[in-house]
Amino acid sequence: MFAPGLAWLLLLLPPTLCAGSGHDEAETRECIYYNANWEIEKTNQSGLEKCEGEKDKRLHCYASWRNNSGFIELVKKGCWLDDFNCYDRQECVAKEENPQVFFCCCEGNYCNQKFTHLPDGEYPPDTHSSQTSASLLNILVYSLLPIAGLSMAILLAFWMYRHRKPPYGHVDINEVSLEGMFSCLCLLFDPGPPPPSPMLGLKPLQLLEIKARGRFGCVWKARLMNDFVAVKIFPSQDKQSWHSEREIFNTPGMKHENLLQFIGAEKRGANHEMELWLITAFHDKGSLTDYLKGNIVNWNELCHIAESMSRGLAYLHEDVPHCKGDGHKPAIAHRDFKSKNVLLRNDLTAILADFGLAVRFEPGKPPGDTHGQVGTRRYMAPEVLEGAINFQRDSFLRIDMYAMGLVLWEIVSRCTAADGPVDEYMLPFEEEIGQHPSLEDLQDVVVHKKMRPGFKEQWLKHPGLAQLCVTIEECWDHDAEARLSAGCVEERISQVRKLVNGTTSDCLVSIVTSVTNVDLPPKESSI
């Protein structure tokens with residue numbers, strides 16, 4: 001019975017508290033510092049921290065901890081930047097009900113020395129006791145714990161020997177004793193279920209500003225300690241969407257340079273006010289849609305975005321039997337591929353995001369409960385619009401490729417490589433059927449008239465853009481089986497980029513000759 005209590009005391013043993021509060025609080029702030037993960041993060045475990053912040057920003061102290069069945073498990077303490085929830089608080093008191101990790105903040109030097117949760121009304125033990133008390137407690141713990149553990153192990157081993165019948169004939173007493181001793185020691189020192197992952201109960205985490213809104217909620221820019229992260233928040237009624245995207249992120253092999261990095265998932269609040277959070281890496285440039293609205297791209301930037309985007313989709317589509325020790329990565333269809341779901345790093349590398357509608361294809365298993373007509377209407381392939389999908393893996397992958405053709409067209413439309421002005425950014429089909437087309441509008445244009453966004457004449461005079469136009473046409477082909485794979489698109493873009501950037505005039509002639517079969521669609525049938 002004493003083992004959990006001792007484990008708790010061991011966890012909370014900090015170094016000596018450095019006294020002194022003579023600093024001018026108007027200019028500086030000092031907080032108690034503690035980090036339970038100091039060995040992993042290669043930091044000091046505890047001490048004092050001098051806070052630094054921007055001019056005119058208020059400085060606070062914070063503490064975060066877990067309450068494991070009555071035992072306080074301190075997680076972190078330190079400085080906290082300007083937060084109106086901390087203003088004029090002299091004591092560190094957590095007010096959220098039933099969180100996974102308690103969090104409080106306050107103003108005043110060392111105000112996070114003590115911390116409490118409002119319903120409890122009592123402070124947990126002072127984790128920064130004197131060095132003398134800590135030393136005595138260490139001596140007692142390290143002296144008594146092994147003796148008590150060994151005694152219990154011997155007693156349990158003896159009891160097991162007297163009461164347990166050997167399963168197969170005679171068993172040596174030494175074997176039983178060793179087995180019993182091992183079992184007892186495991187029971188004694190086993191702390192039980194592992195504590196929640198550090199990525200769960202992600203506090204302290206500050207929501208800063210909303211960056212995007214979608215069909216399943218909104219995406220916030222947030223601060224996690226010293227880093228920015230993205231927090232996608234689902235309302236409780238969209239629990240299935242949150243669960244589906246979390247499962248895709250947790251699929252073996254989903255760590256890839258062109259797929260959004262997953263950090264954690266958690267539930268916040270309770271009952272009708274519960275929110276479901278997905279925490280991922282944050283990319284300040286935002287989506288490809290937003291970037292193309294405000295920027296034009298040159299030839300090399302176009303190729304870099306397109307190549308990295310197709311590389312990410314090719315990897316998502318790939319079935320990898322043994323993926324870097326993670327196990328089997330199945331083929332995954334995105335099913336909502338569009339420029340809004342492609343994020344950009346600072347160097348314009350494309351990152352695929354938003355896997356809420358994605359579906360996995362495990363070998364020998366059906367894709368699960370899924371529907372055909374899902375995704376963003378504007379990017380739906382002809383077979384999706386007319387409800388004629390073959391529910392096989394390759395059929396879903398080809399649907400993604402149709403959408404990729406439209407996204408490639410968007411990038412080309414904002415490229416400066418060709419002669420002449422670059423038009424304002426427009427979504428595919430926006431010029432002819434507007435920003436909010438109905439399903440019937442798209443069925444008429446895409447399915448019945450077999451129309452696609454048009455190519456400008458000056459694009460076909462540029463050898464690289466002309467080759468890309470050929471590739472785009474083969475991505476959005478009306479016949480799904482004739483469409484290119486994402487891996488083929490990546491390879492083509494790479495080859496065209498090398499040819500155009502390092503070509504001679506003779507090579508240019510051969511490239512131009514190879515694309516003379518790319519004709520401008522008739523004006524009346526072109527969108």
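View 1. The model is predicted: local features need pLDDT of at least 70, side-chain atom pairs count only at pLDDT 80 or more, and totals for chains, interfaces and linings use all residues. Residues are numbered from 1 along each chain as its sequence is written, and side-chain values use heavy atoms, with hydrogens and water left out. Two strands pair if DSSP finds at least two bridges between them. Helices (H or I, at least four residues) and strands (E, at least two) are DSSP runs, numbered from the N terminus.

**View 2. Five strands build an open sheet around E9 and its partners**. The order is E8-E9-E10-E12-E11, and the pairing is antiparallel. Strand E8 (205-214) and strand E11 (262-268) stand at the edges. Each has a single partner strand, so one side of each is left without a neighbour in the sheet. On average, neighbouring strands here are turned by 25° against each other, direction ignored. Axes are lines fitted to C-alpha atoms, for helices over the stretch in contact, and angles run from 0 to 180 degrees between N-to-C directions. What holds strands of a sheet together? They pair through backbone hydrogen bonds, either parallel or antiparallel.

**View 3. A second open sheet has the order E2-E1-E4-E3-E6**. Its five strands also show antiparallel pairing. Strand E2 (46-50) and strand E6 (102-106) are the edge strands. Each has a single partner, so one side of each lacks a neighbour in the sheet. Neighbouring strands are turned by 30° against each other on average, direction ignored.

**View 4. Strand E4 (residues 71-80) is largely enclosed**. Nine of its 10 residues are buried, so the rest of the structure largely encloses it. Buried means under 20% relative accessible area, exposed over 50%, partly exposed in between (1.4 Å probe, protein chains only). Two bridges join E4 to strand E1 (residues 30-35), and the two run antiparallel. Asn35 stands opposite Lys76 in E4. Nine bridges join E3 to E4, also antiparallel. E3 and E4 form a hairpin with two residues between them. In the turn, Ser69 has a positive phi of about 55°.

**View 5. Trp65 and Phe115 form a tilted aromatic pair**. The whole structure holds 10 aromatic pairs. Rings of Phe, Tyr and Trp (its six-membered ring) pair if their centres lie within 6.5 Å; planes under 30 degrees apart count as stacked, over 60 as edge-to-face and the rest as tilted. Here the centres are 4.5 Å apart and the planes stand at 40°, so the pair is tilted. Trp65 lies in strand E3 (residues 60-68) and Phe115 in strand E7 (residues 115-117), so the pair ties together parts that are 50 residues apart in sequence. Trp65 is buried at 3% relative accessibility. Phe115 is buried at 1%. Which residue is the bridge partner of Trp65 in E4? That partner is Leu74.

View 6. Phe249 lies in helix H5 (residues 239-249), and Phe355 in the loop between strand E15 (350-352) and strand E16 (359-361), so the pair links parts that are 106 residues apart in sequence. Both Phe249 and Phe355 are buried. Helix H5 also holds Ser241, which is buried, with a relative accessible area of 11%. Leaving aside neighbours within four places in sequence, Ser241 is in contact with Phe216 and Phe234. Contact means heavy atoms within 4.5 Å.

**View 7. Lysines sit over aromatic rings**. The charged end of Lys221 sits over the ring of Phe228, 4.2 Å from its centre. Lys329 lies over the face of Tyr315, at 5.2 Å from the ring centre. A charge sits over a ring if NZ of Lys or CZ of Arg is within 6 Å of the ring centre and within 35 degrees of the ring normal.

**View 8. Helices H13 (residues 463-475) and H14 (residues 486-501) pack together**. Their axes are 9 Å apart, at an angle of about 170°. That makes H13 roughly antiparallel to H14. Angles under 35 degrees count as roughly parallel, over 145 as roughly antiparallel, 65 to 115 as roughly perpendicular and the rest as oblique. Residues making the contact include Leu468 and Val470 of H13, and Ile493 and Val496 of H14.
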